[in-house]
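Here's a walk through one protein model, from single side chains up to the whole chain. Have the viewer open and follow along.

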Amino acid sequence: VCLQEISPLSFEQDFGFMHDLGFDGHEIFKKGRFRPVTFWKTSECRLVAPAVHKDRCLLTAFEKRKGIDDDGEDPPEKSKPPYWYVANCHLQAGQQGPRRVRQILEAIKGVITLARKQKEEMPETNVRLVVCGDFNGGPEAG
């Protein structure tokens, strides 16, 4: 679950219920008044690398827990489960269109770098990436 505009001052109070729902893993962007946060269920997946903090984008890399495959079957013994990446963004508001484009490009480059560190083959074309967030990109935003 990806959310934006989260206050670190009231985070625990506002989102304690997420743990009750089974979302016992979370990562919150390290700076800013309102931040993106990504939640996950540690029973279903695990973070495979420390989160990366780019310009208003929180990048995370996950793998499914061993023994869980798309068809419910255990994966072959020697196969590595595929990683998947999430770019949770809260892009700059206002007449900042070029900056928002740069923020997304930096996030994608960051994911490719993260994928290379995970020994992903050809991450430029094969990375599994979800880009989500508050893009602040209406017609009035430039």
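## A covered aspartate

D55 has a relative accessibility of 18%, so it counts as buried (the cut-offs being under 20% relative accessible area for buried, over 50% for exposed and partly exposed in between, with a 1.4 Å probe and protein chains only). You'll find D55 in the loop between β5 (52–54) and β6. Helices here are DSSP runs of H or I with at least four residues, strands are runs of E with at least two, and both are numbered from the N terminus.

The side chain of D55 makes a polar contact of 2.9 Å with the side chain of R99. A polar contact is a pair of N or O atoms within 3.5 Å; within protein, one must be able to donate a hydrogen and the other to accept it, and residues adjacent in sequence count only if both atoms are side-chain atoms. Leaving out residues up to four places away in sequence, D55 touches R99, R102, Q103 and E106, where a contact means heavy atoms within 4.5 Å.

## What you're looking at

This is a predicted model, in which local features need pLDDT of at least 70 and side-chain atom pairs count only at pLDDT 80 or more, while totals for chains, interfaces and linings use all residues. Residues are numbered from 1 along each chain as its sequence is written, and side-chain values use heavy atoms, with hydrogens and water left out.

The protein chain has 3 helices and 8 strands. Read from the N terminus, its elements go β-α-β-β-β-β-β-β-α-α-β. Of its 142 residues, 34% count as buried. Among contacts in the chain with a separation of 6 or more, 58% come from residues 24 or more positions apart. The chain exposes about 8600 Å², with carbon and sulfur atoms supplying 54% of that; the areas come from the Shrake-Rupley method with a 1.4 Å probe, and for residues, only the protein chains shown count as cover.

Which residues of α1 are buried? In this helix (residues 11–20), they are F11, F15 and M18. They cover an arc of only 40° around the axis, which puts them on the same side of α1; the arc is that of the directions from the helix axis to the C-beta atoms. The face turned away from this buried side carries the exposed residues Q13 and D20. Cover for the buried residues includes β1 (2–6), β2 (25–28) and β3 (35–40). Just after α1, G22 takes a positive phi of about 100°.

There's an open sheet of 3 strands, ordered β1-β3-β2 with antiparallel pairing. β1 and β2 stand at the edges with a single partner strand each, so one side of each has no neighbour in the sheet. Neighbouring strands of this sheet are turned by 25° against each other on average, direction ignored. Axes are lines fitted to C-alpha atoms, for helices over the stretch in contact, and angles run from 0 to 180 degrees between N-to-C directions. Two strands pair if DSSP finds at least two bridges between them; β1 and β3 are joined by 3 bridges and run antiparallel. C2 stands opposite T38 in β3. α1 packs on the sheet, touching β1, β2 and β3, and its direction makes about 25° with that of β3.

## Strand β7 and its partners

How many residues of β7 are buried? This strand (residues 83–90) is mostly covered, with 7 of its 8 residues buried. Strand β6 (residues 57–64) runs antiparallel to β7, and 7 bridges join them; L58 has N88 in β7 as its bridge partner. With strand β8 (residues 129–134), β7 pairs in the parallel sense over 6 bridges, and L129 in β8 is the bridge partner of Y85.

Y85 also has a side-chain link to E120, a polar contact of 3.1 Å. E120 sits in the loop between α2 (97–117) and α3 (123–126) and counts as buried at 15% relative accessibility. Setting aside residues up to four places away in sequence, E120 touches Y83, Y85, A115 and R128.

## An arginine in β4

R46 lies in strand β4 (residues 45–47). With a relative accessible area of 32%, R46 is partly exposed. The side chains of R46 and E63 make a polar contact of 2.6 Å. These two are 17 residues apart in sequence and 5.6 Å apart in space, C-alpha to C-alpha. Not counting residues up to four places away in sequence, R46 touches A61, F62, E63 and R65.
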